[in-house]
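User: I am new to this structure and would like to learn how to read its main features. Please take them one at a time.

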Amino acid sequence: MENTDILISGAGIAGPALAYWLRRHGFHPVVVERAPGPRPGGQTVDLRGAGRTVIERMGLMERARALCVEQRGIALVDRRGRLTARMPVELFEGEGIVSEIEILRGDLADLLRQATDDVEYRYDDTVTALAQDAEGVTVHFENAPARRFHLVVGADGLHSVVRRLAFGPEENHYRPLGGYTAWFTVHDPALARGLDGWFLMYNAPGGLVAAARPGRLPGEVKVALSFRSDPLTFERRDGAAQRRLLTERFAGTGWEVDRLLAGMSTAEDFAFDSYGQIHLDHYTRGRVALLGDAGYSPSPLTGLGTSLALVGGYLLAGELAACAGDFAAAFARYEELMRPYVTRAQELPPGGMNGYAPDTALMIRLRAASMRWMGRWPLRTILAAQFAKAGDIALPDYPLPARA
């Protein structure tokens, strides 16, 4: 089979994972990324289920474990910082809310980039137009000259440019879940010590959630501030306005929230977005395929976005190789294999956004009570099924050519 050029838009986790397997199968991937360079840090993501299997098949598990953020589990606190419930990481054999292998998003992306050091990465650029024909796709870029590719893959996240160009407006595919969240990092050694290795979460009336968890570096704290809300109009690139919104909603609500807000003002990795999912009738159109959050974001509420990205990249590359360049057949097989896995992964935990961010003091107390019962029947059985979704797929073994 003759090698083909495949453009991948997005250098997060899904894009480099796909690039790795494409190179192993003899293709020539090119990765384009809007950011000026690799994005370090970020929040922790889980390696669980079939996603963990993909990392193992890459031969990267030992290095991934060396990058793990050590956490004892998740615990709920009240406005005075008193523990009201906790779930140790061992409770569901390392596959619970906090999994056995938690790694910073930036560290995992960097690990995948190192494993694809023979792949061309083009930063500080993005796709602006796609023109498909019988022989390939002409891709126009914001900065670089237009270039021809055999196929194009959008692995560029929830607000995918490739999806918009090939599948239509975002609002046709995006399902809001009724909330918003911000992520950022603060350096606060005293607060880091106070976490004592736990991922602490505080619920306040009004559907507010403040969370802090250990980072990998000394004194580093990873923070998330989330809230329930009807749809808001906001400019995605206006971080100052987003910080003001969060300060207005969270100031004075208790626990260490004011301290977290103070750290937010100088955080260099601040990010803000809505909770939502992507639902498409098909993950491919012509010579364009979607991967990861771009094609089937499950939302952070499920904890399965990383598994979907890793598994999707493995299957897409494997099927392109197995079909010997017949991309239409490969795309059909990719969808056939991924669709059931995606459907299960997009099922929200019990209560969905309402369960994650209860809006009254009574519901907050009930949430803490339910966590205290998570290790017992019947909640243990229900939650075990939720966490088991990450492994709910049998991965084919695709033959690989010998390394050069």
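Predicted model: local features only at pLDDT ≥ 70, side-chain atom pairs only at ≥ 80, totals over all residues.

User: How many helices and strands does the protein chain have?

Analyst: Both are DSSP runs numbered from the N terminus: helices are H or I with at least four residues, strands E with at least two. The protein chain has 14 helices and 18 strands.

User: What does the radius of gyration say about the protein chain?

Analyst: The radius is taken over C-alpha atoms, and the globule rule is 2.2 Å times the number of residues to the power 0.38. For 404 residues a compact globule would come near 22 Å, and the protein chain, at 21 Å, agrees. Its C-alpha trace spans about 65 × 45 × 40 Å along the principal axes.

User: What percentage of the residues count as buried?

Analyst: Buried means under 20% relative accessible area, exposed over 50%, and partly exposed in between, with a 1.4 Å probe and protein chains only. Of the 404 residues, 55% count as buried.

User: Are C68 and C323 buried or exposed?

Analyst: C68 is buried, at 12% relative accessible area. C323 also counts as buried, at 19%.

User: How many disulfides are there?

Analyst: A disulfide is a pair of cysteine sulfur atoms within 2.5 Å. By this rule the count is zero.

How values were computed: Residues numbered from 1 in each chain as written. Heavy atoms only, no water.
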